[in-house]
Amino acid sequence: MMTEPMVKVTVAHPFGPEGARSVMVPAGQTIEGMIRQAIPGHFDDTKDRLSISLASQGGSTVLSRDVWRKTKTRPGVEVRITVTPGEPASLIGAAVSVASAVAGGSLGATALGTVGASLLATGISVLGSLLVSLLFAPKQEKQKERKEIYRIEGLQNQTRRNEPIRSILGKIRVFPDYVVEPYTEIAGNIQYIRAAFIVGLGSHVLTEMKIGDTDLDDFNDVEYEVIQPGDSNLTLITDSTIENRYGVELLYRNPNGAGNIEDNAVPTPVKRTTAGNITSFTVIVAFPSGLRNVDDEGDSSHKTVSWKVEYRIEGETAWTLGRSVSTREKSIDPFYRSVTIDVPVRGRYEVQVTRTNREDGNPEDPDTITFVSLQSHRPEYPINTDLPLTLIAIRIKGTHQLQGTLDAFNLVASRLLPDWDGAAWTEGETSNPASHYRHVLTGGEGVYPVSEGFVDDAALVDFHDFCATKGLKHDTTFEDEASQLERMASVCSAGRAAPQYDGDRWSVIIDRPSNLVADHFSPLNVRNFQAEKIWPRYPDGYRVEFLDAANNYQLSTRVIPWPGKENASLDLIEDRPLSGKTDPDEVWIEARRAMYEVIFRDEFYRFETDVALRQSQRGDIVRISHETLNITHYYSRAAGISGNTLYLTDPVLIEDGESYQIRFFLEDGTSVTTDVTGSIGEVAILSMAGDDMPIAGETILFGKVGEETVEGYVVEVEPGEDDTATYAVVPFAPEIDIQTDLETPPPWSGIVGDEVSAPLGAPGVPEIIDVSTSADGELTFVIRDDPTSLYRASTFELDWRLAGTTPWNTETTFVASGSVVVDGFSVADDVEHRARGITSAGTAGAYTAINTATVADLTVTPLAEPIGISLSDEGSGDVAVTVTAGNDTRITGIRIYRAADGDTFNDAVQVGSDIAANGNSIRTYTDSPGTGDWQYWAVDISNTTDPSDAAGPVTITIV
């Protein structure tokens, strides 16, 4: 079966070749028929602004409009359609219809009710035409604080009102934003904290959840739930709670503040206002010092604090009593209480909290009460959006372990996106830049995502394989507002590429070696040729800041020396951003590649050309022949070919002893070279060595072998007037990839700077500030470091010996302990001692002076008990109790006890107060126990020792 011959029709965008697109149409029809197939539905609207030319290897011909219906063309000839800008613009609309599908204004705000925030849906918006020429190094993104690399000290969760929702691409550690700010829940005496976080758009795999640097599982009483797109709502947080914190003490005092128990003490209400449209509110109070009574013996008992909550709708004058509360506790630890009150109608309310009983005034009996916070409740689910989000809700015990805050929650998130698995784009974890680029194009984060039919899938698969082969990854989080093209350029740059739109589909340009030459340029088809040689002073290296995946995604800095300066002093260092790089080895390789680009792309060419016959676009490889680049460059055209003999329209110069080549296009568009020979001097006849032959009229580029042209890379095409364009070209330089592939990054530890030896200086002389005798013949030596020394001691050495002996005994302790205990002494032993400090490097300081401590006698003689106790019936139910104190000079008083007959001393109660007395003193006390059988005891007391044993009992019957 024969294949139908086809003709290539190229529709050039009116602003230059950047938007050119080509279609194949059947041959054998008229030019007008071909035009109608190439721009279906737009011919009649734009025919007055069309320029049609026929192009072949031999040249081009512009066709006037009156022959379009009469003229046919053959295969091998290209029909080129150029549109002149103007109204009506229907063809322009067709050419950029795909671009319009990804363009648009700012993204709509999405209400996330609980925090009163409007979060933008990922911040991808187009701020201008997408058909813009970008170099491989994209412009720096306009992020407010460059959240991709955390630069704020003290990382913490935030509420980013009216800012874009985070879009994570790849795998990265993040501190997710609050979608429900933390609020308090009181359960008994325990405080819990609830909060909800938004990880980002789309589905994620979440690991390594932490609060600060501590794993979440290491905290007590933690519950959490993860909600992915398509899941049901959160269950840990089901309504909207807004908490305002105050910490205001509730007072009931004398108006002048002088004391707490005067008769004219008055309460001081504290008034605050809820959020609007609430259905209930909660008042939380705290007792920061606990609540208890303490008696003279140090025993605790219950104590009560009374308080009340009143409310009124904002603007009214009368208060409604919501709740009167009497809090009764016996606790030395802080605790909380809460009261929730339903309001009769939705609205904004004033809430007044008042203490209703006076403070005790005794600092040993704490009863402080503090109005901690006011919570406003609405019954609505707190997250109101249809965006696909990954959310986390947490309920965690806050008492003691969080100090009432939850602001350092972080995790590692890995985005689930379509990734090429060798057969199809299948959702999974991926850091491949090609997968991210495809997502930015077709995902739902832009206002107008591109449909997959307008994406060159084969090119993206090729890009994916290239990134996988080279180990190129992209792991970042976008939190800023940026145009979609800026986002695409940022992602592609991580894969050594740039986005490309050919007027039909989105594709990609990869900066890599290639043998495909798209165009030849010489003075035959260019003008105003300029060449610039760059003579830079290279820095000593690049400094790259990145989130180090090998070090828990901590902010790290890697300094990469310039090639050849690996062992040199690095004095001049430049910052080099590398978007999306978290692998320290990849950071090294890509930074070195950037250096090779500077080294090998040190020239820049610019020239004008007519674009009617030019097929090269940004990202294409071209060959340039120009005497400005090399004096041996010549260019001509093929006037004719006979066998292996080539006849030129213009002569070329052949020097004796040199070898020469020519470069030309074959009919299939392949650029080839072949060796040629000829007579010495200027000649127009050459003998060709190869089988490939140019066609008549083809441009011939001539020069020495390997130097016939300069290979260049088109980095920009700037449209000009009259169907012209200015090309910007840099050396293609395959050496860049050759040298990059040879790079082997040195080992990376994440430690910046050289290791510094421990200080060699000696610490100062410590001070022995106390020596005390303990039980069982122990001596405790309390030692303090010298605060004036420049060098800190790590340990103390204490030397000791019994007076009169020679060798020292040594005990060592850490400075942090501050003391040394030595045992085994006897009462009255004299112990000589000295001490010195030693640094962590082992450098010892000077000793203290030698001092002597004597072991004290800690044996305590019990206090003498009373010598005697007697009773007499005084009538009327009274008893005279006479006690003679014991013979002991330490006695300072007598204490009398009474119990019913048959009870023991442990059942007795003290009668009266302590009676002042000295040793051998006689004291009488009259007691009134009433009728019955009674027993009495007496003990001696002292200010320096425990009470004596009891004397007694002595029994008496009162009738």
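Visitor: How do the axes of helix H5 and helix H7 run, roughly parallel or roughly antiparallel?
Guide: This is a predicted model, where local features need pLDDT of at least 70, side-chain atom pairs count only at pLDDT 80 or more, and totals for chains, interfaces and linings use all residues. Residues are numbered from 1 along each chain as its sequence is written, and side-chain values use heavy atoms, leaving out hydrogens and water. The axes of H5 (residues 433-442) and H7 (residues 484-493) come within 9 Å and cross at roughly 170°, where axes are lines fitted to C-alpha atoms, for helices over the stretch in contact, and angles run from 0 to 180 degrees between N-to-C directions. Angles under 35 degrees count as roughly parallel, over 145 as roughly antiparallel, 65 to 115 as roughly perpendicular and the rest as oblique, so H5 and H7 are roughly antiparallel.

Visitor: How many residues of the contact of H5 with H7 are nonpolar?
Guide: Contact means heavy atoms within 4.5 Å. H5 brings Pro 433, His 436, Tyr 437, Val 440 and Leu 441, while H7 brings Gln 484, Arg 487, Met 488, Val 491 and Cys 492. Ala, Val, Leu, Ile, Met, Phe, Trp, Tyr, Cys and Pro count as nonpolar, Asp, Glu, Lys and Arg as charged, and the others, Gly among them, as polar. That sorting gives 1 charged, 2 polar and, for nonpolar, 7.

Visitor: How many disulfides does a search of the whole structure find?
Guide: A disulfide is a pair of cysteine sulfur atoms within 2.5 Å. Take Cys 467: its nearest cysteine sulfur belongs to Cys 492, 8.5 Å away, and Cys 467 is in no disulfide. The search of the whole structure comes back with a count of 0.

Visitor: Is Cys 492 buried or exposed?
Guide: Buried means under 20% relative accessible area, exposed over 50%, partly exposed in between (1.4 Å probe, protein chains only). Cys 492 has 0% relative accessibility, so it counts as buried.
That's also how Cys 467 comes out: at 0% relative accessibility, Cys 467 is buried.

Visitor: How many residues of helix H1 are buried?
Guide: Helices (H or I, at least four residues) and strands (E, at least two) are DSSP runs, numbered from the N terminus. H1 covers residues 31-38, and Ile 31, Glu 32, Gly 33, Met 34, Ile 35 and Ala 38 are its buried ones. So H1 is mostly covered, since the buried count, out of 8 residues, is 6.

Visitor: In strand S47, which residue is the bridge partner of Tyr 605?
Guide: Two strands pair if DSSP finds at least two bridges between them. S38 (residues 603-610) pairs with S34 (residues 526-533) in the antiparallel sense over 6 bridges, and Arg 527 stands opposite Glu 608 there. S38 also pairs with S47 (residues 724-731), again antiparallel over 6 bridges. In S47, the partner of Tyr 605 is Val 729.

Visitor: Is Ser 280 buried or exposed?
Guide: Ser 280 sits in strand S19 (residues 278-287). Not counting residues up to four places away in sequence, Ser 280 touches several residues, including Thr 340, Asp 342 and His 377. Its relative accessibility is 9%, so Ser 280 counts as buried.
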